[in-house]
Amino acid sequence: MSHPGKTLKRATLAISVAAAVWLGASVYGSSLAEQAIRDFAARPVSETGLIIGPLQHDRGWLSSSGHFGVAFVQGPGDQLAPGPLMEVRYTLSHLILPNSRLRVEWSVQPTGELADTLTPVFGDSLQIKGTGRQGHDGTMHSEFGTSDIVADDGETRVAIGPSTGSVVVADNTLKLDWRIGKLAMASPEDDLELTGATMAVNLTNTRIGTGTTVIEVERIASSAIDLQGVRHATEVVERADRLDGVVQHGLRAGEIAGVSVRDLNLDISLTGLDKASLETLHRVFSDTAGLQNLSPEDDISFRKALTTLINSGLSIGITRLTGTVGQGAVEGHLQIVAAPANVLDGPVSLATTLRANGELTLKDGTLPPEQAAIAVGMGLMQPVPGALKAQFDYAQGVLQTNGQAEGGAEVLDTLAEADAMLNVFLNTSLIATDDEEVEKDEEDFPLMEEEALAPTPTSLPVGESER
């Protein structure tokens, strides 16, 4: 049997060792956090479009604090203003806890010239404050908010109610929720009030932009409009080697210039985008501060990717247009498809790959009688029982409008001209100066000047089928 005193000593020693390891790991976390902040501040301007600094970081054993400025860059070495425009302050607690490896308190507010401009109008209210924690898996969680923001220059008064939000960042994902209770503006010309604005972002892959974004407003009111249930939503999904996206606009009810509207929906889709090309375009755009620091290699990569994106085929359209307008209603759809080209890195030829169709129906009461008569008289719409309808279909140089074949050759010629201009752009270096002769990358880029400028035939061979 072990002696009670020895058991107590062993337990005390084990606890002491565990405490030392715990505190040691927390202190080590302090150095890791500092290095991560310094790595962020040292990232090239070409990648971020920002100048971070000067960075002041004071590291302690179990906590640290610091601040840095943020300047925005609009071109190579071209700041929007001398010195930082925003200041970020933070305090970190590095003591490891069961639910987090560190905690943070932070704030962002204007500084420099921006503060000189805004502070006399808004006072010290332009500040975002937040608290957060980093989980043991590296996920960063933070809650943030703003207080009342009021500006009054004697004529116009703007008041923004308190806002609250949260953000979660993990690896290549981002989740953001933000709510503003009320925004009101009063001026001699008009008053505007916005209530219940929310934004929800859930990106599953920030590198290629997949995920959802939803912005909703409960009400927007002024002397000219009164809108309820305003909604804007986007969704991008990954489908094998393609990306599909949809943008949705919605309005539950409202009145615009005396006309009542209800249940308006407009859905716009963009589908079949080549994912690899988009990734290249995104990488080059990000690495070169919006194409402003292009290297010759990036220049070629960007134009090749853009060519492949178009020639891989894609579709854009209005998949849903519905709603009640006045005493009538509207329904419609539109689809424009660029079929895949035979050669992905060859000249773009929308004249041979493009097809489109669409339909619009306006039920009786949507248009005033005189406007309806004009639309019918000009051949824009056809009367059908209880409504006016317009239809078109285009493919391979043949245009059908409201059942009548007309104008197909003109459309084909227009597409051929567009192809010529587009191919010249794709063959022209984006970093060539105005005084330099435009260089054609005949070895590295397969689009030849002769191919780019060659007119596209305005007719197709007999028997040519649509891909």
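**Strand pairing and salt bridges in the predicted model**

In the predicted model described here, Leu266 stands opposite Leu321 of strand β18. Local features were taken at pLDDT of at least 70 and side-chain atom pairs only at pLDDT 80 or more, whereas totals for chains, interfaces and linings use all residues. Residues are numbered from 1 along each chain as its sequence is written, and side-chain values rest on heavy atoms, with hydrogens and water left out.

Strand β17 spans residues 259-274 and β18 spans residues 314-325; the two are antiparallel and are paired over nine bridges. Strands, like helices, are DSSP runs numbered from the N terminus (E, at least two residues, for strands; H or I, at least four, for helices), and pairing requires at least two DSSP bridges between two strands. Strand β18 is also joined to β19 (residues 328-338), again in the antiparallel sense, by 10 bridges. Within this pairing, Gly323 faces Val330 of β19.

Side chains of opposite charge can pair when their charged atoms come close. In total, 14 salt bridges are found in the structure, each defined as a side-chain nitrogen of Lys or Arg within 4 Å of a carboxyl oxygen of Asp or Glu. One of these is formed by Glu216 and Arg231, with an N to O distance of 3.2 Å. The accessibility classes are buried (under 20% relative accessible area), exposed (over 50%) and partly exposed (in between), computed with a 1.4 Å probe on protein chains only.

A salt bridge also connects Glu359 to Lys389, whose closest N and O atoms are 3.8 Å apart. Here too the pair links distant parts of the chain: Glu359 belongs to strand β20 (residues 354-363) and Lys389 to strand β22 (residues 387-395), with a separation of 30 residues. Glu359 is partly exposed, with a relative accessibility of 26%, and Lys389 is partly exposed at 25%. The side chains of Asp241 and Arg242 form a further salt bridge, at an N to O distance of 3.9 Å. Asp241 has a relative accessibility of 44% and is classed as partly exposed.
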